[in-house]
Amino acid sequence: MKSDTTANVKNGTLRAPLKRRGMAQDVADRIRDAILAGEIPPGERINEVEMAASLSVSRGPVRDAIVLLRQEGLLQGDWHRGSRVTVFTHKDLEEIYSLRYSIELLAVQRLIAHRTGKDLDLLQVRAEDIERAAALGDRGDMLQSDIAFHDAIYACAGHERLEQVWLGLRSQIALLLLNRQQGHDDYGARIGPEHWEMFRVIRDQDGAKAEELVREHIETAFERIKADLDSKERLQGAG
């Protein structure tokens, strides 16, 4: 008796040519990097023809890359009007940060309960990277090292589905943090001490203090970005 898989192949379901995804992913990486470097600001449209010419590729990989970046939440729009870099609303901000609080608290709690010496070594390296970037005043490196520290928390928490939820939010949070950097000069002064304190409570397995720090960390970022949105809306209204 033939298997269902064999029947599907025979019927052509699995016989269609496979798309090469490597080029699309490379293009998505380049566009993402440009967005998170502040080179393509929120609200700016992505022109497929111009982007393809700039990257010396055909429009196909650019179109596929746009699909990937829409899924990450970095681009928004529709096929009739095109895609643009995401402009977050207050509703977006509330949803992202309320979800982030829930998943980050769970990740930190799990990491505290099961952390190993190897986990602590990784978090220490990530905290050192943040400190080094802040000392140099390199905003791009600060953003990357900030996200990398949280990547490490989720990777070490031992919960694959939780990590997948984080990865689904990761690019949107990075874009929000980029906006926070641009709106507040104290980001560089705060980022190092905040993450070193998180490292210490994880190392010392201080669950109560960890919950307090996660709440404070998330709420501070939320309130500052919300204030920026309010300010921009007032300026637009005045204009």
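What does the accessible surface of the chain come to, and what share of that surface belongs to carbon and sulfur atoms? The accessible surface comes to about 13,600 Å², of which 49% belongs to carbon and sulfur atoms; areas follow the Shrake-Rupley method with a 1.4 Å probe, and for residues only the protein chains shown count as cover.

The model is predicted: local features need pLDDT of at least 70, side-chain atom pairs count only at pLDDT 80 or more, and totals for chains, interfaces and linings use all residues. Residues are numbered from 1 along each chain as its sequence is written, and side-chain values use heavy atoms, with hydrogens and water left out.

The chain holds 10 helices and three strands (DSSP runs numbered from the N terminus: helices are H or I with at least four residues, strands are E with at least two). From the N terminus, the order is α-α-β-α-α-β-β-α-α-α-α-α-α. Of its 239 residues, 40% count as buried (buried is under 20% relative accessible area, exposed over 50%, partly exposed in between, with a 1.4 Å probe and protein chains only).

Gln 205, with a positive phi near 55°, follows α9.

| Residue | Relative accessibility |
|---|---|
| Trp 196 | 18% |
| Phe 199 | 6% |

Trp 196 and Phe 199 are three residues apart in α9, about one turn of the helix. Aromatic pairs number three (rings of Phe, Tyr and Trp, the latter by its six-membered ring, with centres within 6.5 Å; planes under 30 degrees apart are stacked, over 60 edge-to-face, the rest tilted). The ring centres of Trp 196 and Phe 199 are 5.7 Å apart and their planes stand at 90°, so this pair is edge-to-face.
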